[in-house]
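Please examine the sequence and the structure before reading on.

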Amino acid sequence: MQAAQRKAEFPMPAVDRDWWRGCVIYQIYPRSFQDSNGDGIGDLKGITSRLGYVASLGVDAVWISPFFKSPMKDFGYDVSDYCDVDPMFGTLADFDALVAEAHRLGLKVMIDEVLSHTADVHPWFQESRSSRSNPKADWYVWADAKPDGTPPNNWLSIFGGSAWQWDTRRQQYYLHNFLAEQPDLNFHNPQVQDALLEVTRFWLERGVDGFRLDTINFYFHSQGLEDNPALPPDQRNDQTAPAVNPYNYQDHIYDKSRPENLGFLERFRALLDEYPAAAAVGEVGDSQRGLEVVAAYTQGDRRVHMCYAFDFLAPEKISAPKVRRVLQDFGRAAAEGWSCWAFSNHDVMRHASRWAAGEPDPTAYLKVLSALLMSLRGSVCLYQGEELGLTEANLSFEDLQDPYGIRFWPEFKGRDGCRTPMVWNAAERNGGFSAARPWLPVPPEHLAMAVDRQEGDEASLLEHYRRFLAFRRAHPALAKGDIEFLPSDGDTVAFTRRQGNEQIVCAFNLVSSPATVQLGAGRALQPLGGHGFSSQSGAGAVRLDGYGAWFGRFA
């Protein structure tokens with residue numbers, strides 16, 4: 001760790017400790033946002049140059065995926081130095097400039113913390129693997145082979161194969177829940193926890209406002225190294241790993257989501273509470289108990305502020321019954337907790353392809369989905385290009401960079417399809433992302449969706465996002481209020497959001513044919529404007545257009 005830790009020397013936004021509750025976070029994947037130096041890879045200066053656009057959307061914060069020093073085996077999620085910027089992205093000074101500009105524009109800055117594992121070239125691991133008696137010998141998860149030389153247990157890596165890798169120097173196996181080049185840290189060692197908390201403090205001192213915690217439920221493993229039990233076929237799902245991955249065959253009760261994690265999360269929260277308004281959102285990858293884990297991790301005010309699971313990131317198409325079930329299940333499991341909802345991110349197929357591809361009017365469908373997302377109780381993550389309606393890129397095998405996709409091709413094509421460059425100007429080379437050949441190709445069909453093609457067109461998806469975010473900001477109940485579902489049929493979903501004296505009635509139609517939602521016989525309804533939908537209301541009922549929505553009050 002670098003010794004020079006300092007308070008950032010630029011103005012901070014007014015302190016609001018509760019800013020995270022109901023906030024809208026815009027995720028930036030640095031490699032693919034904006035290239036400023038012509039090497040085909042996005043960088044921090046490129047992000048800074050485009051922050052005005054992000055602020056114009058009306059979001060509250062940016063989440064920047066990893067930009068730390070890394071051998072890039074997993075594109076930055078394999079960290080070799082937690083406290084420095086990889087040269088391909090710039091310098092610490094570039095990061096400071098980014099934070100300063102974001103704060104000037106009223107944006108919070110959240111960064112990705114990858115605490116569960118490091119790169120295998122990290123100095124900590126190099127020392128740990130050098131012997132069984134060095135000072136960091138127990139900083140990673142080491143175990144002897146079984147008498148027959150096979151791995152210590154049946155644990156599997158999400159990226160395929162055993163979660164154990166043989167090391168010839170120590171003549172032991174080490175645990176890796178992801179690539180073999182990503183050894184897992186041993187959180188049972190208090191020194192490891194202390195070191196990671198110091199990393200967190202380093203970035204807080206540089207002025208960051210919060211963190212997205214990668215694979216938050218993978219921090220601890222069972223010290224007994226028990227075999228995971230088999231999961232019955234009828235209980236398997238592809239929420240966190242593709243269906244072709246045998247990782248789904250196990251019930252992962254020993255290798256992740258361990259109760260010991262709660263103590264570390266309380267230490268982490270205590271550190272964040274030393275700063276005026278620092279907040280964290282955790283990524284929970286658990287296909288069987290995701291909402292239960294989110295509930296435990298966000299309970300009260302002693303753990304993380306919010307988490308997200310994969311309920312709306314999975315391949316299963318969204319539906320009105322699923323929305324009701326997920327939100328109500330979360331409400332029962334985590335009455336005091338707070339979730340962060342997303343439909344797309346850097347790890348899953350874009351929902352414009354996952355859900356909207358077969359719809360008669362995909363743009364109208366995406367508009368109502370975005371309005372629904374931004375009306376649910378919880379915070380919201382938007383993924384770069386989602387506001388343009390970018391689809392999943394159909395890449396050839398030769399274009400793939402993602403080791404996950406290369407391993408499981410062609411049944412699973414990996415994550416590159418959602419990571420292609422942002423498109424800014426349709427007429428410019430590579431959509432204005434870079435003058436050089438980009439690290440992933442820009443799909444030709446994305447150019448028609450570029451920012452400059454949609455900006456100023458009130459019928460566009462981009463202007464819809466801006467309009468609805470402004471509407472949401474004008475009605476705090478949509479951000480922080482309680483939720484109560486109202487009776488509705490078929491593919492319609494209706495609920496109220498209430499905060500203080502403000503109550504807003506929300507109704508959505510998720511299909512292309514019109515529908516009617518009865519909100520109470522004879523009850524007078526007062527519509528709200530400014531959201532862009534034109535559905536009609538009458539006595540106690542609203543008539544929703546195909547892919548329509550209605551917002552109002554009981555008069």
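A charge sits over a ring if NZ of Lys or CZ of Arg is within 6 Å of the ring centre and within 35 degrees of the ring normal. This is a predicted model, in which local features need pLDDT of at least 70 and side-chain atom pairs count only at pLDDT 80 or more, while totals for chains, interfaces and linings use all residues. Residues are numbered from 1 along each chain as its sequence is written, and side-chain values use heavy atoms, with hydrogens and water left out.

Q: Over the face of which residue does Arg 21 lie?
A: The distance from Arg 21 to the ring centre is 5.0 Å. The ring belongs to Trp 338.

Q: How far is the charged end of Arg 523 from the centre of the ring of Phe 554?
A: The charged end of Arg 523 is placed over the ring of Phe 554. Its distance from the ring centre is 3.6 Å.

Q: How many aromatic pairs does the structure hold?
A: Rings of Phe, Tyr and Trp (its six-membered ring) pair if their centres lie within 6.5 Å; planes under 30 degrees apart count as stacked, over 60 as edge-to-face and the rest as tilted. One of the pairs is formed by Phe 68 and Trp 203, with 5.6 Å between the centres and 55 degrees between the planes, and is tilted. The number of aromatic pairs is 44.

Q: How many residues apart in sequence are the parts that Phe 68 and Trp 203 tie together?
A: Helices (H or I, at least four residues) and strands (E, at least two) are DSSP runs, numbered from the N terminus. Phe 68 belongs to strand S3 (residues 68-69) and Trp 203 to helix H4 (residues 190-205), so the pair links parts whose separation in sequence is 135 residues.

Q: Is Trp 203 buried or exposed?
A: Buried means under 20% relative accessible area, exposed over 50%, and partly exposed in between (1.4 Å probe, protein chains only). The relative accessible area of Trp 203 is 0%, so Trp 203 is buried.

Q: At roughly how many degrees do the axes of helix H1 and helix H12 cross?
A: Axes are lines fitted to C-alpha atoms, for helices over the stretch in contact, and angles run from 0 to 180 degrees between N-to-C directions. The axes of H1 (residues 44-57) and H12 (residues 461-474) come within 8 Å. They cross at roughly 60 degrees.

Q: Which residues of H1 make the contact with H12?
A: Contact means heavy atoms within 4.5 Å. On the side of H12, the contact is made by Leu 462, Tyr 465, Arg 466 and Leu 469. On the side of H1, it is made by Tyr 53, Ser 56 and Leu 57.
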